[in-house]
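Please keep the sequence and the 3D view at hand while reading.

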Number of protein chains: 2
Amino acid sequence: MSRGKLFIVSGPSGVGKSTVLRALFAQNSNLYFSVSATTRDPRPGEEDGVHYHFLSMDTFREWIAKDEFLEYAEFVGNAYGTPRKYVDEALDAGKDVILDIEVQGAEQVCAKRPETVTVFIAPPSWEELERRLTARGTDTAEKIQKRLQRAKEEVLKANNYDYFVVNDTVENAVQELSAIMIAEHCRPDEKMTHLV
Amino acid sequence: MSRGKLFIVSGPSGVGKSTVLRALFAQNSNLYFSVSATTRDPRPGEEDGVHYHFLSMDTFREWIAKDEFLEYAEFVGNAYGTPRKYVDEALDAGKDVILDIEVQGAEQVCAKRPETVTVFIAPPSWEELERRLTARGTDTAEKIQKRLQRAKEEVLKANNYDYFVVNDTVENAVQELSAIMIAEHCRPDEKMTHLV
């Protein structure tokens, strides 16, 4: 059995990344979705190890000191990170692993694991992203403009991603994401060991 | 409409490359299969422009002088080459182009067109390649051993190919080849022009 591959999937708020990933996981049983660690308190209904690995700030710092994170960051007073352990267990078990993280986290992971394959989910147009953000009905007009501005900055920062998947329809985006994963398993490093 | 992409598909004699390509073309109408030029005489049933572009040696030399070939070579007194013109017409029309050429030709093409994507079709094992060559019933035992030897040399020379597709079953090989073509269309250069 060959080792799994590590994929990062990033994309701006409102692009439909969660829907695409849900559909991808429904199609492919050999995938592991990395669960983040966080120091924030669980919200009602959130389970430890399912939605997040909930850690105390002391434990989180200890994990940082022991290099237990592939990436981590702090947002509004809480720390979030990708624990190395579960990712490596899944890769060793031959599963492909998907990290749903932001562009800055992706840079940290790629520095530690240069073989990581990065995919950015992009909107078909800025007008369509604005339409999707508005359709969610969760944000004020001002917040939507902020999210749009942030999305434009993220696209600029993502220029070194390996692949861009335009989420025009969920079906197309899932097909492209699947194709990228199949193609990356055709890279020479792992494919030719049986012939040399 | 975006420009098509140029793919090279190579593989040793007996690996089943023609069968895989035929199945790929049956599935995908947006592909152009590059027809080679040659100075050898047409065999019965071969049509000019379909099986080969049949050229006189003078014309072939003229095309070389005018840089009309993406690659060319001589085998047992006859010249063979890939005319640039038809390939570029197809690419401009938005079609992906497949060149079915050998490793040395691939090097020439990649030197001229560094964006070319190279795929090597490999056998699942040397034993299986020998079995397939034997099953064809067209070669002597000695010839089969020579082909096997040549195949091993080709795999070593192909170590800088972008992708390796193991032809265990035609269905898997076609799926992987299709995935590679879809994935390569998700490369950032062409994907993000609508957002910047």
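How many of the six residues of strand β6 (residues 78–83) of chain A are buried? Five of the six are buried, and the strand is thus mostly covered, where buried means under 20% relative accessible area, exposed over 50% and partly exposed in between, with a 1.4 Å probe and protein chains only.

## Basis of the values

This is a predicted model, in which local features need pLDDT of at least 70 and side-chain atom pairs count only at pLDDT 80 or more, while totals for chains, interfaces and linings use all residues. Residues are numbered from 1 along each chain as its sequence is written, chains are lettered from A and ligands numbered from 1 in the order in which they are written, and side-chain values use heavy atoms, with hydrogens and water left out.

## Strand β6 and its partners

Strands are DSSP runs of E with at least two residues, numbered from the N terminus, and two strands pair if DSSP finds at least two bridges between them. In chain A, β6(A) runs antiparallel to strand β3 (residues 37–38), to which two bridges join it, and also antiparallel to strand β5 (residues 69–75), here through six bridges. Tyr80(A) in β6(A) stands opposite Thr38(A) and also opposite Ala73(A). The hairpin of β5(A) and β6(A) has two residues between the strands, and Val76(A) in the turn has a positive phi of about 35°.

In chain B, strand β6 (residues 78–83) is likewise mostly covered, with five of its six residues buried. Strand β3 (residues 37–38) of chain B pairs with β6(B) in the antiparallel sense over two bridges, and Ala37(B) has Gly81(B) as its bridge partner there. Strand β5 (residues 69–75) of chain B is joined to β6(B) by six bridges, again antiparallel, with Phe75(B) and Asn78(B) as bridge partners. Between β5(B) and β6(B) the hairpin has two residues, and Val76(B) takes a positive phi near 35°.

## Aromatic pairs

Over all chains the structure holds 22 aromatic pairs, a term for rings of Phe, Tyr and Trp (its six-membered ring) whose centres lie within 6.5 Å, with planes under 30 degrees apart counted as stacked, over 60 as edge-to-face and the rest as tilted. One of them is the tilted pair of Phe69(A) and Tyr72(A), at 6.0 Å centre to centre and 50° between the planes. Phe69(A) is buried, with a relative accessible area of 2%, whereas Tyr72(A) counts as partly exposed at 36% relative accessibility.

Tyr52(B) and Phe54(B) form another tilted pair, at 5.9 Å centre to centre with 55° between the planes, and Phe54(B) counts as buried at 17% relative accessibility. In chain A, ring pairs link Tyr52(A), Phe54(A), Phe75(A) and Tyr80(A) into a cluster.

## Relation and contact of the chains

Chain B is superposed on chain A by a rotation of 180° with 0.0 Å of shift along its axis, at an RMSD of 0.0 Å, by least squares on the C-alpha atoms of residues with pLDDT of at least 70 in both. The two copies are therefore related as by a two-fold rotation axis. The same surface serves both copies, since 100% of the contact residues of chain B recur in chain A, contact meaning heavy atoms within 4.5 Å.

The contact takes 28 residues from chain B and 28 residues from chain A. About 2,300 Å² is buried between the chains, with 70% given by carbon and sulfur atoms; this area is the accessible area (1.4 Å probe) that two parts lose on being put together, summed over both.

Terms used: Helix = DSSP H or I, 4+ residues; strand = E, 2+ residues; numbered from the N terminus.
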